[in-house]
Amino acid sequence: MSKRTATLTAYSLVLLILFFATNCYAVVWSSNELIEKSKELNGRKLNYRGELVTTSLNRGEYSWINLNDGFNAIGVWCKSSSLRDVKFAGDYKNKGDMIEVNGVFNRACSAHNGELDIHADTIKIVRYGHPVNRTIDTKRIESAIILFVVVFFAVIVFRKRL
Amino acid sequence: MILRPHLDDYKIIGFYLGKITISIGIAMMIPFIIALAYSEWQGAADFLLSISFTLLVGTLFSIICYTRKDLATMHAMSVAALSWIVAMFVSALPLYLSGHYGSYLDASFEAMSGYATTGLSLAIDLDHMASSYNFWRHLIMFMGGQGIVVIALTFLVRGTAGAFRMYVGEARDEKIMPNVVETARFIWLVSMVYLVLGSGALSIAGIWGGLPPLKAIFDSVCIFMAAWDTGGFAPQSQSILFYHNFLFEIITISLMLLGSINFALHYVVWTGNRRELYRNIEIVTLFISIIVTLSITAWGVLEKNVYAGSLPFSSKTFYHLISGHTGTGFSTIYPRQFINEWGALAMFGVTLAMAIGGSVCSTTGAIKVFRIGIIYKALRQEIKKMLIPETAIFVQKIHHIKDIVLEDKYVRISAIILISYVNLYIFGTVAGMLCGYSLSEALFESVSAAANVGLSCGITSPTMPSALKIVYILQMWAGRLEFIAVMVLFGMVIATFRGKR
């Protein structure tokens with residue numbers, strides 16, 4: 001093999017490795033994959049993305065957040081300081097911030113009582129949440145009032161039978 | 001010869017069904033108030049509609065079927081069985097209107113799961129559910145645990161002999177106080193005292209764990225209701241795992257164990273007789289059963305080498321074993337982890353614990369340790385009889401509040417209920433396997449539904465076949481009522497069509 005061919009092969013290999021490395025890093029795993037492939041992924045550094053639900057649980061320097069990707073919510077252990085920019089947590093009235101974490105996945109974390117969790121190194125808010133506008137179905141209110149009036153008169157008229 | 005029921009028989013059943021339906025309508029006012037307090041206007045409208053509809057159904061039943069006659073056994077059993085079906089349909093209405101259920105069948109499944117204190121859930125996007133609907137799920141569970149009939153007895157029905165028959169129809173056969181209404185009120189008193197203590201402890205643990213105070217109190221009340229009534233619903237989709245809180249786990253274990261104890265035993269201990277705890281056949285059997293099933297489960301988990309360190313291993317194993325044995329269904333792992341990580345042996349240990357269950361006259365489901373204890377004693381008696389001289393007289397006693405001579409009638413009824421449960425477990429397992437699930441998955445989920453536990457290995461989901469949802473609803477219903485009332489109801493239906501005039 002000539003020196004030129006060897007250099008080209010080495011460059012190609014480096015490029016190939018870099019290509020796979022960056023792409024693997026960018027892969028965002030779903031909660032179903034984390035649960036189903038927990039043995040295989042245990043201890044690996046990976047990316048996971050989900051909506052912050054309900055609230056963050058502040059434990060001093062660190063906090064717990066639960067990120068729901070639409071299938072399951074996964075617990076993420078992260079620095080409390082990394083949550084400074086969080087605006088919305090998902091609940092009935094709000095759509096929570098979409099957060100992407102990069103960190104070490106644990107199938108049964110020995111530091112956290114055997115929980116399946118991710119210890120986050122970096123946290124990125126992909127999309128901010130927002131308040132949810134809910135319209136009230138007036139037909140339901142009308143039906144409720146009509147039924148209530150019927151019940152009221154039935155009780156008045158037939159009270160001795162109740 | 002079976003006699004066809006008379007019109008008056010249907011009227012008696014209808015009248016009391018009406019009373020019970022009205023009491024459910026009144027209970028819906030609590031989530032309605034919560035909806036107003038949390039400014040959940042759509043929730044308030046849905047509950048107002050549901051209250052009006054439920055009260056209308058109850059009022060119509062009571063007016064059309066008006067009677068002053070008392071309940072005979074047949075009526076009382078039929079009322080007990082039917083009231084759970086009517087309660088399921090009317091209580092599903094606000095859940096369905098919430099938009100968190102794929103169909104009315106799914107909402108009905110959730111309502112029956114709540115009433116039967118099972119805890120299997122078909123809710124979609126639970127983490128975004130309004131507090132009022134979420135509270136209603138838990139309140140349903142609390143009412144089901146206390147007993148729908150117990151609620152009606154407490155507030156709306158006079159303490160007649162028929163009332164006691166209805167109470168028995170709901171799988172409660174202990175007369176703790178001289179009067180059945182006083183018994184129902186005592187059950188409420190015990191529950192209310194623990195509600196204050198349990199919710200208080202959980203709130204403190206929640207705030208310590210980082211929950212905002214209002215959320216901590218709300219979730220604590222919900223979780224208390226689910227733990228004490230060994231139900232298993234939780235306000236969040238991750239169940240207890242959401243809180244990442246070891247203290248929470250310890251408190252819920254205590255509540256689950258307290259909820260699985262006979263109300264009569266609570267009364268005896270409350271009145272100062274603490275020795276009963278060490279002598280009672282139920283407690284002794286429960287202790288032995290926990291040791292045996294825990295050993296099997298621990299062996300299975302150990303073989304799979306999932307948890308590094310003794311604390312994660314013991315806490316995960318013990319928590320799920322107690323959750324299963326008491327029929328609660330709280331979980332700190334994901335359902336699929338049972339299949340993927342715990343393996344068949346550990347799942348068998350939990351399944352066995354679920355199948356056995358807690359105490360009679362408690363809020364647990366399943367065969368129950370009292371009956372297991374009786375059958376074990378009867379077996380021992382038979383073996384001893386063969387070993388002693390034929391002329392000798394041997395009397396076997398059991399201790400449950402007082403010493404009781406073990407008579408054949410106790411053994412017979414225990415064996416009948418045990419066999420009925422085993423058949424119910426098999427029925428659900430076969431149905432699960434026909435839907436394409438493996439034996440261990442189908443058995444686990446079937447026992448969980450029939451024994452009113454609520455642990456899932458992943459089968460229960462909105463996408464599961466509708467036929468299987470109906471099978472699980474029937475299992476939860478029959479399992480909670482312990483068959484007798486359900487069988488009497490079926491008998492009455494048969495008599496309606498085939499009975500002689």
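Which residue takes a positive phi in the hairpin of E1(B) and E2(B)? The views below cover this and two other spots. This is a predicted model, where local features need pLDDT of at least 70, side-chain atom pairs count only at pLDDT 80 or more, and totals for chains, interfaces and linings use all residues. Residues are numbered from 1 along each chain as its sequence is written, and chains are lettered from A in the order in which they are written.

**View 1. The hairpin of E1(B) and E2(B).** It's Ile401(B), with a phi near 70°, and the hairpin has 1 residue between the strands. E1(B) (397-400) and E2(B) (402-405) pair in the antiparallel sense over 4 bridges; pairing takes at least two DSSP bridges, and strands are DSSP E runs of at least two residues, helices H or I runs of at least four, numbered from the N terminus. His399(B) sits opposite Asp403(B). Buried means 20 or more other C-beta atoms within 10 Å of a residue's own, exposed 12 or fewer, partly exposed in between, with C-beta atoms placed from the backbone.

**View 2. Helix H2(B), residues 29-37.** Pro31(B), Phe32(B), Ile34(B) and Ala35(B) are buried. They share a side of H2(B) because they cover an arc of only 160° around the axis, taken from the directions from the helix axis to the C-beta atoms. Met29(B) and Ala37(B), on the other side, are exposed. Just after H2(B), Ser39(B) has a positive phi of about 55°.

**View 3. Where chain B touches chain A.** The contact (C-beta atoms within 7 Å) takes 46 residues from chain B and 42 from chain A. H3(B) gives the most to chain B's side, with 13 residues.

Methods: Contact = placed C-beta atoms within 7 Å.
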